[in-house]
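Here is a short report on one protein chain. Have the coordinates open while reading.

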Amino acid sequence: MKIFSAIILAFTLILSGCGGEEEPEMSLEDFPTRVKAIKVLTTDAPLNLSYSGQVVDRDEMKVQSKVSGSVVEKYVRGGQEVVEGQILFKIDDRQYKSAVLQAESNLAQSQTNLVRERADLHRYEELWQENAISEQTLTNQRIAVKSKEAEVAANEALLQKAMDDLADTVVYAPMSGRLGIDDVSVGTFATAGNTSLATIGVVDPVFVQFAVSEQEYLRLSRQEENLNAHFRISLTLADGSSYPYYGEFAEYDRTFGNDTGTLIIRTIFSNPKALLVPGMYARVEISGLTIPNAMLVPERALQQLLGETLVIVAQDNKSSVRKITLGEKIGSYYIVKSGLKADDWVIVEGLTNLRDGMALEVTKVTAKDMNFSFTPSEKIFDAEKNANG
C-alpha cells in the first residue's frame, strides 16, 4: 500500500513539474489554404448569340378556284413538288361551256342587228340629202346605230367573260413549290374565291425566324453597320446535327411585341434538299460579333449568395470577397461589368469553406491549365499569355 501511494505521489510531481506556461492552440485558419487562381482576362471577346428559331415558309399561297363548281379531276397529290403553270385541278365546266355558246349567240344576233341599222342609216343619209326625210329621222337612226354598237360591245364583253370562266375551270399552280397535304378530293364543291383547293409553299430557300431583346437588336444593328463585321449564322437541328448551310439576315419586324418586348428577325437559308420543313424548330447561332476590351472571369470562380454573384480574389496572400455584376456568358467565361480590376487574380479552385480574410497559398494557373476556352477559337490563350507576360 505504501509503495502504491509513493508511485501516485511521484506521478503527481512529474505532472506539476511539466505544467509551466501552456502553448497556445493552433487554429486551422492559421494554416494557409491551398488555392489556384487565374488572372482576370481583358481582351476583345468573341460573342456568340443563340436563339430558339422556327422554320417558316418564305412564300405561301392558298390555291383557290376563280369559278364555282365541283372538282372533277385532280392531277396532283398532297406533298408533291409542283412548278408554276402546272395543272392541279379541273372544275366541272358544263355550265361554263353553255354560257360561252349563249354568249356567242347573243353576240352574233347583236352584230346582225348592227349591220341592219347601219344599212338603214346609210339609206337615210341619202334620203336626207334629197330632202326626202326630216333631219330628226336621220338623227334617230344615228342613235339607233350607236345603241346597237353598244349592244355588240356588251355582248363581246360577256363572251370574253364566259370564255375566261371556262378557261378558269382548269386550275394551275400560281408558283413553284411544294403542296401541303390539305388539298381537296375529287367531288368537293369549290366556291369561287373562297374554297382553298391546296396550299403551296416555297421550299428553297426558307426563313428561320427568332426573337431578340432590344439590347441584342441594338448590338446586332451597330455591328452590322461596321464594314469589318462578318456574321456567320448557323443552325443546330433538333437531333443535335449541324445544318450544312449558313444563313443571312433577311427581314426585321417593324415593331417590338408589346407583350414580349422582343423583335422578330428572319434569316434566310438555302434548302436544296428540302431538309428544313416549315414548323420545325432549330437553334440559331450567330457568331462574328465582338465585345471590345471585355473583362472576363471563368464561370468556375463564381458563387451565388442571396441573389448576388461573388468571387474571391487572392490579394496579398489573403482572400478577399468581391461582389460583381455579370454580362453575357462566353464559353467558359462571363463578362464582368463591375466589381473587379484588370490585375485581379480570382480563385478558381479551393473555394470550399473559403471565407474573407483567410491566409492563402496561391498557385497561379492559366486558362489552358484549367481547360477554359472561348467559342469558337483559342484566341483567348494568346491573349492571356500576353496579359500574364
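Lys-329 and Glu-299 form a salt bridge, with their closest N and O atoms 3.4 Å apart. Lys-329 sits in strand S18 (residues 318-330), while Glu-299 sits in the loop between strand S15 (281-298) and strand S16 (303-305), so the pair ties together parts that are 30 residues apart in sequence. Lys-329 counts as partly exposed because its relative accessibility is 38%. Glu-299 is also partly exposed, at 38% relative accessibility. The model is a predicted one.

Strand S18 also holds Arg-322. The side chain of Arg-322 meets that of Asp-344 in a salt bridge, at 3.0 Å from N to O. Asp-344 belongs to the loop between strand S19 (333-338) and strand S20 (345-349), so this pair ties together parts that are 22 residues apart in sequence. Are Asp-344 and Arg-322 buried or exposed? Both are buried.

## A pair within one helix

Lys-161 and Asp-165 form a salt bridge at 2.6 Å, N to O. Both residues lie in helix H3 (residues 135-167). They are 4 residues apart, so about one helical turn separates them. Lys-161 is partly exposed, with a relative accessible area of 46%. Asp-165 counts as buried because its relative accessibility is 16%, under the 20% limit.

The chain has 19 salt bridges by the rule used here. Some are linked: Lys-36, Arg-300 and Glu-349 form a network of salt bridges. Side chains of opposite charge can pair when their charged atoms come close.

Strands of a sheet pair through backbone hydrogen bonds, either parallel or antiparallel.

How many bridges join S3 to strand S10 (residues 196-201)? The two pair over 5 bridges, in the antiparallel sense.

Ser-65 is found in the loop between strand S3 (60-64) and strand S4 (69-74). It counts as buried because its relative accessibility is 2%. A polar atom of the Ser-65 side chain lies 2.5 Å from the backbone oxygen of Val-67.

Leaving aside residues up to four places away in sequence, Ser-65 touches several others, including Ile-91, Asp-168 and Val-171. Also among its contacts are Ala-190, Thr-191, Ala-192, Gly-193, Thr-195 and Leu-197.

## A nonpolar surface patch

Which residues make the nonpolar surface patch of about 300 Å²? The patch is made by Tyr-75, Ile-87 and Tyr-172. Tyr-172 lies in strand S7 (residues 170-172). Tyr-172 counts as partly exposed because its relative accessible area is 44%.

## The whole chain

The chain contains 6 helices and 21 strands. Of its 389 residues, 36% are buried. Its accessible surface comes to about 23,600 Å². Carbon and sulfur atoms account for 51% of that surface.

Contacts reach across the sequence. Among contacts between residues at least 6 apart, 76% join residues at least 24 apart.

How values were computed
Residues numbered from 1 in each chain as written. Predicted model: local features only at pLDDT ≥ 70, side-chain atom pairs only at ≥ 80, totals over all residues. Heavy atoms only, no water. Patch = residues over 30% accessible without salt bridge, like charges linked within 9 Å, V, L, I, M, F, W, Y side chains within 5 Å. Areas by Shrake-Rupley, 256 points an atom, 1.4 Å probe, with all protein chains shown as cover. Salt bridge = Lys/Arg side-chain N within 4 Å of Asp/Glu carboxyl O. Buried < 20%, exposed > 50% of the residue type's maximum accessible area, 1.4 Å probe, protein only. Contact = heavy atoms within 4.5 Å. Polar contact = N/O pair within 3.5 Å; in protein donor to acceptor, adjacent residues only side chain to side chain. Pairing = 2+ DSSP bridges.
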